[in-house]
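Here's a quick briefing to read alongside the model. Have the viewer open as you go.

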Amino acid sequence: MIIEFEEKMLELIDARIETASDDELFAGGYLRGHISLSVAKCEEEGIADIEVLKVRINESLDAAKSELSPADRIIVADLWDELQNA
């Protein structure tokens, strides 16, 4: 179930590539890593609940927030919110 969620998120990111701005391309690539890493960790732990996965992705993004400028954090957060609501 979480694999399907990951595939959906990555497909949504990929579908935007042709029309995305540089900021959106950056945010998409950045999110891909956090999504895939969180999915791998959930699989490793036998977790199949998508809500738990989403919490893990949010935690991963929060833990890495010092990597980004405040403006980039907003761009990434906005894209993540948009993807979750798609």
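This is a predicted model: local features need pLDDT of at least 70, side-chain atom pairs count only at pLDDT 80 or more; totals for chains, interfaces and linings use all residues.

Residues are numbered from 1 along each chain as its sequence is written, and side-chain values use heavy atoms, with hydrogens and water left out.

**Overall fold**
- The protein has four helices and zero strands (DSSP runs numbered from the N terminus: H or I, at least four residues, for helices; E, at least two, for strands).
- Its radius of gyration is 12 Å, close to the 12 Å the globule rule gives for 86 residues, so the protein is as compact as a globular protein of that length (taken over C-alpha atoms; the rule is 2.2 Å times the number of residues to the power 0.38).
- Of the 86 residues, 34% count as buried (under 20% relative accessible area, 1.4 Å probe, protein chains only).

**Helix α2**
- Helix α2 takes in residues 22-45, and its buried residues include Tyr30, Leu31 and Ile35.
- Cover for the buried residues of α2 includes α1, α3 (50-63) and α4 (70-84).
- Just past α2, Gly46 has a positive phi of about 75 degrees.

**Glu6**
- Glu6 sits in helix α1 (residues 2-15).
- Setting aside neighbours within four places in sequence, Glu6 is in contact with Ile35, Ser36 and Val39 (heavy atoms within 4.5 Å).
- Glu6 is buried yet has no salt bridge, with the nearest side chain of opposite charge, Arg32, 7.5 Å away (a bridge is a side-chain nitrogen of Lys or Arg within 4 Å of a carboxyl oxygen of Asp or Glu; Lys and Arg count as positive, Asp and Glu as negative, with His and the chain ends not counted).

Notes
Buried means under 20% relative accessible area, exposed over 50%, partly exposed in between (1.4 Å probe, protein chains only). The expected span of a helix is 1.5 Å times one less than its number of residues.
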